[in-house]
Each structure stands twice: as C-alpha cells, then as structure tokens.
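Hi,

Here is the structure I promised to pass on. Have a look at it first, and then read my notes below.

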Amino acid sequence: MTSSVKLKNKRVVPPIGWVYYVPETKHTIRRATFIDLVQHVKRHFKANELEIPDDIENRIEKFICDRIPLSMTTSTANRNEFSKLRMTVGAVQRATSAALHAWRDEKRRSVSSKEAEERAQICVDCPENTRNTACLSCRGLNNWVKGWQSVSTTKDNQLFICGVSAIMNIAHVHLTEPALRKCISSTLIPKHPETCWKRKTLEN
Ligand code: SF4
C-alpha cells in the first residue's frame, strides 16, 4: 500500500518530468504527460508478463512526489525539509565544488570520452537525474563547471543534478575512480540506484 501523498496538479509538469523507475524490471520510463506515463508503465508490465499492481498509479505519483518540491504535493511534511530536488543551490554548489576539487587533486585526469558518454547516457535514463527548480545555467553554475573542466559530452544539455549526491552530472561523469572516492562518502554509495555507474564503480 503506497502513501496518500498526491500531486497538487497533474497538468503541471514536475521539475523531474513525468518519469517512473520500474523496480521490477530496473527500467526508467519517461513520457510527456502523467496519463501517458501511467498507460506506458502498464503496457511495460504486460510486455514483461508481470502482473500490474492495483496501486500502480499511486506508486507512480508517490515516486514523483518524493523527488519534487513539497509545495507541488499535498504532503504536510515540514516545508523547510530539503532532500533530492529540495536541495538548495548552495548544497549543489558545495557538492559540485568538492567533486571539482577532487578532480583537480587527481591531476585533472578525466575518464575517456567513451566512458563519459556511457555514464552520461545512464544519468539521462536515471530517475535521480534531477532538474533543480532554480535554473543553474541562469545562475552561471554550468559555466562555472566548464571553467574548471574543458571536457564535455554530447548529452550535457540533458544532464542535471544527481539527486543522491547533489553533484552536477556534467561535472562528475568525467571523474576517475580515485577522485570519485574523495567526494562520495561510503555511506552514500548504496543509496544510488543499482543501475548507477557511480555505484558500480565505487562498489568494486
Ligand atoms: S550519478 Fe548515478 S544516481 Fe546520480 S543521476 Fe547519474 S546514474 Fe543516477
């Protein structure tokens, strides 16, 4: 049974978009509307010969509500509480700064462009690839990252913030394993989804 937290308005696109991670198949589904998302998720269950949970719509709604500002939901939790998308711009800047310093301390080495592209694609498909309600490029944060690193991927315009570590994905997809170990605490590693490239790298 899922909790009763609801979206206030299903016609307003949430900052993470209309997205659901299907734990049963480890598959992320994105669609243009909530209704389309629910229908597509149901079709996905059928295609995989899985029974569609009775509360699938509630599960999808809760998944999204857990990743967007409380003000967009019916949640009565403390509105000053921050987690995932509720991360402040300052928190994002601090986490990303730690990643960039770790990268610099590792002699500014980056993984190959092929590996960075593969990581970027995993982030694009990941439900934790989170748009912040504040526009980071408007605040100059994208340029700030680019001022540190001259590397990029073809997916940069689809990379947002890692909802687990608060690091900007355009920055840390390039980090080598030693640099990642310097900026990701060991307690945070298992909190990343099983499909996460960072979790796989750091759990080895
Ligand atoms: S770093 Fe991992 S958890 Fe974060 S957005 Fe990318 S794939 Fe998802």
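I call a residue buried if 20 or more other C-beta atoms lie within 10 Å of its own, and exposed if 12 or fewer do, with C-beta atoms placed from the backbone. Keep in mind that this is a predicted model.

With that cut-off, Phe34, Leu37, Val38 and Val41 of helix 1 come out buried. Looking down the axis of helix 1, the buried residues fall within an arc of 100 degrees, so they line one face of the helix. The other side of helix 1 has Ile35, Gln39, Arg43, Lys46 and Ala47, which are exposed. Strand 1 (18-22), strand 2 (27-31) and helix 2 (56-65) are among what covers the buried residues of helix 1. As for its geometry, helix 1 runs over residues 34-47 and reaches 20 Å from first to last C-alpha, close to the 20 Å expected. Glu49 follows helix 1 and has a positive phi, near 55 degrees.

Now the cores. The largest nonpolar core has 31 residues, and Ala99, Cys123, Ile161, Ala166, Ile167, Met168 and Ala171 have the most contacts inside it. Helix 3 gives this core its largest share, five residues. There is also a second, separate core of 13 residues, including Val19, Ile29, Phe34 and Leu37; Phe34 and Leu37 are the ones you met in helix 1.

Last, the ligand. It is surrounded by 13 residues, the closest being Cys123, Cys126, Glu128, Cys162 and Cys196. By class, that shell has eight nonpolar, three polar and two charged residues.

Cheers

Technical notes:
Residues numbered from 1 in each chain as written. Predicted model: local features only at pLDDT ≥ 70, side-chain atom pairs only at ≥ 80, totals over all residues. Near = placed C-beta within 6 Å. Nonpolar A, V, L, I, M, F, W, Y, C, P; charged D, E, K, R; others polar. Helix = DSSP H or I, 4+ residues; strand = E, 2+ residues; numbered from the N terminus. Expected span 1.5 Å × (residues − 1). Arc of directions from axis to C-beta. Contact = placed C-beta atoms within 7 Å. Core = buried A, V, L, I, M, F, W, Y, C linked by C-beta atoms within 7 Å.
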